[in-house]
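Please keep the sequence and the model in view while reading.

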Amino acid sequence: MKQLLQRLIAPVAALIPFLRAQQADAASKAVDPAWNLSEAEWKKRLSPAAFAVLRREGTERPFSSPLNEEHRKGTFVCAGCRLPLFSSKAKFDSGTGWPSFYQPLSNAVVTKVDFKLIVPRSEYHCRRCGGHQGHVFNDGPRPTGKRYCNNGVALAFIPG
Ligand SMILES: [Zn+2]
């Protein structure tokens, strides 16, 4: 009986990561229509460096962002649409040269799997404007064990 059950469940279980990835992919396109801007409009709003990261999924050079050294209390917002993404409470020094957080604010980012470096990585982006922020890894500190490795140029800091 147990064997039969395993035989039935295994193919379905194998599909789950695939289905999840598909779902996240579809969700990332369904951005807030008010923020569904054209490429020209984004270029006008953003610096070339922010455009390269947010709209082209680029990665800034490590240790290039002043937000690495930002230790005040406050909120990190999306540089594209100003949606609050991270609290300063969740920031930690990962030593990687990119601002790092152990968790995003609730309902702030959406994750999808990318295969740019062949090995699958979890890319995440702003829920509202769809702008690429960074990648999330499973080697972060407690309490979540996650490391949200964020491009500083994709964020703005609001103290307080
Ligand atoms: Zn945004």
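**From the chain to its core**

Read from the N terminus, the elements of the protein chain follow the order α-α-α-β-β-β-β-β-β-β-β-β. The model under discussion is a predicted one. Of the 160 residues in the protein chain, 29% count as buried. Contacts across the sequence may be considered next: among those between residues at least 6 apart, 59% join residues at least 24 apart.

In soluble globular proteins, nonpolar side chains tend to be buried together. In this model, the largest nonpolar core comprises 25 residues, and the members with the most contacts inside it are Ala 50, Leu 54, Ala 79, Leu 85 and Ala 154. At least two core residues come from each of the following elements: helix 3 (48-54), strand 1 (74-78), strand 2 (84-87), strand 5 (109-117), strand 6 (119-126) and strand 8 (147-150). Helix 3 makes the greatest contribution to this core, namely four residues.

When neighbours within four places in sequence are set aside, Leu 85 is in contact with Phe 76, Val 77, Cys 78, Pro 104, Leu 105, Ala 108, Val 109, Cys 126, Gln 133 and Leu 155.

How do strand 1 and strand 2 run, and how many bridges join them? These strands are antiparallel and are joined by three bridges. Thr 75 has Ser 87, in strand 2, as its bridge partner. The hairpin formed by strand 1 and strand 2 has five residues between the strands, and in this hairpin Arg 82 adopts a positive phi near 70°.

Conventions:
Residues are numbered from 1 along each chain as its sequence is written. This is a predicted model: local features need pLDDT of at least 70, side-chain atom pairs count only at pLDDT 80 or more; totals for chains, interfaces and linings use all residues. A nonpolar core is a set of buried Ala, Val, Leu, Ile, Met, Phe, Trp, Tyr and Cys residues joined through C-beta atoms within 7 Å. A residue is buried if 20 or more other C-beta atoms lie within 10 Å of its own, exposed if 12 or fewer, and partly exposed in between; C-beta atoms are placed from the backbone. Two residues are in contact if their C-beta atoms, placed from the backbone, lie within 7 Å. Two strands pair if DSSP finds at least two bridges between them.
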